[in-house]
Amino acid sequence: MTKPLDPAAVIAEFIDRVAPYNPHPDADPVAVLGVRTALGEDVFTLSDHVIRALCRAIESYRDPEDRGNCANCGSRHIDENLHCEDCGQLHGILGQVIAEHARRVAAKSDDSP
Ligand SMILES: [Zn+2]
């Protein structure tokens, strides 16, 4: 069984992981972060070093479902087979191979009388 995600505990562990590398450990905290969930609540005072690290971690996060935008319609709904759920365009290597094949077939039928 997976244990429920406890956001306050995750943030506390993040601070413990990052804080030892603060180059100015005596500087005053610059941010206060409050977290309230069904599991409880916590308020963290964060150093400049830790809040910057937290922001960088958030900025670098990508959703596992994020497979980019459809090159054809711009949709963000690309399924695990790199198939656009909105316009049907196939992406990735397979999509390129199929598009290339379709172009060749189309070019051949243009040549025939
Ligand atoms: Zn599309």
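1. Start with the layout: the protein splits into two domains, domain 1 covering 7-60 and domain 2 covering 65-113. Their C-alpha centres sit 43 Å apart. Keep in mind that this is a predicted model.

2. On confidence, the mean pLDDT for the protein is 90, and 96% of the residues score at least 70. Element by element, H2 comes out on top with a mean of 97, while helix H3 (residues 92-111) has the lowest, at 82.

3. For secondary structure, you get three helices and two strands. Reading from the N terminus, the order is α-β-β-α-α. The C-alpha trace spans about 80 × 35 × 25 Å along its principal axes.

4. Now the helix pair worth a look: H1 (residues 7-18) and H2 (residues 48-60) have axes that come within 10 Å of each other and cross at roughly 120°. The handedness of that crossing is right-handed.

5. Who touches whom there? From H1, the residues are Phe14, Ile15 and Val18; from H2, they are His49, Val50, Ala53 and Leu54.

Technical notes. Residues numbered from 1 in each chain as written. Predicted model: local features only at pLDDT ≥ 70, side-chain atom pairs only at ≥ 80, totals over all residues. Domains from an automatic or database assignment. Axes fitted to C-alpha atoms, helices over the stretch in contact; angles between N-to-C directions. Helix = DSSP H or I, 4+ residues; strand = E, 2+ residues; numbered from the N terminus. Left-handed = near helix turned anticlockwise from the far one by under 90°. Contact = placed C-beta atoms within 7 Å. pLDDT = per-residue confidence, 0-100.
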